[in-house]
Every structure is written in C-alpha cells, then in structure tokens.
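I note at the outset that the model is predicted.

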Amino acid sequence: MQTRDQVIWRVEELMDTFRASLVAEIDRLLASGAINLAACDNDFYVPRLVYAQALRNIATQNSPLPQEGKALARDLARLY
C-alpha cells in the first residue's frame, strides 16, 4: 500500500529524473516535422499537446507496464 504522500514524493522524484529525457523527447517531436509551428498560434495549445505526448512516450521508456499498470492507466484516462 502506498500513501498519498509517498505517491507525490515519487512523482517529484520522477520529474527530477526524467527532466532531461523529457526535454530531449520534446525536441525529437518538434524536429519530426509533424507540426507546422509557423501555422500555430502563439498560445499554450501546441506546447501542452507536445508535452503530453512526450510524457506518454517516455512513460514506458525503461520498462513496459505490467498488465495491472495498463489497467490502472486506462482507469486514470477515463477520469477526464
């Protein structure tokens, strides 16, 4: 069992650990040519989408999710 505080602490650790990987993944996504940045408005819509995709890409970078993790990910995705 994990407490709320343990989960928050571990998420903060992950944020510190994955910062460089996240920036590199964002750069990779932008360099892919999939987004025409010249046609995008100067707001936070595109950065939010790129950030979210980069997080999804690195979420299983080191190891795949076990079956129970996949089920939890689906449940969390349904919250919104």
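Entry 1, helix packing. I looked up the pair α1 (residues 4-31) and α2 (residues 45-59) and found an angle of about 120 degrees between them, with their axes 9 Å apart. Because angles of 65 to 115 degrees count as roughly perpendicular and those over 145 as roughly antiparallel, α1 is oblique to α2. I recorded the crossing of α1 and α2 as right-handed.

Entry 2, the contact. I then listed the residues on each side. Helix α1 contributes F18, S21, L22, E25, I26, R28, L29 and L30, while α2 contributes V50, Y51, Q53, A54, L55, N57 and I58. Sorted by class, this contact of α1 with α2 holds ten nonpolar, three polar and two charged residues.

I noted a volume of about 1200 Å³ for the largest pocket. Its lining has 25 residues, of which V11, L14, F18, L55 and A59 are the closest to the centre. Two or more lining residues come from each of α1, α2 and α3 (67-77). By class, I counted 16 nonpolar, six polar and three charged residues in the lining of the largest pocket.

I marked F18 and L55 in both lists: they belong to the contact of α1 with α2, and they are among the residues closest to the centre of the largest pocket.

Notes
Residues numbered from 1 in each chain as written. Predicted model: local features only at pLDDT ≥ 70, side-chain atom pairs only at ≥ 80, totals over all residues. Heavy atoms only, no water. Axes fitted to C-alpha atoms, helices over the stretch in contact; angles between N-to-C directions. Helix = DSSP H or I, 4+ residues; strand = E, 2+ residues; numbered from the N terminus. Parallel < 35°, antiparallel > 145°, perpendicular 65-115°, else oblique. Left-handed = near helix turned anticlockwise from the far one by under 90°. Contact = heavy atoms within 4.5 Å. Nonpolar A, V, L, I, M, F, W, Y, C, P; charged D, E, K, R; others polar. 1 Å grid on protein atoms, 1.4 Å probe; cavity = no way out; pocket = protein on both sides within 12 Å on 5 of 7 lines; lining within 4 Å. Points joined across faces, edges and corners; volume = space filled by probe spheres on them.
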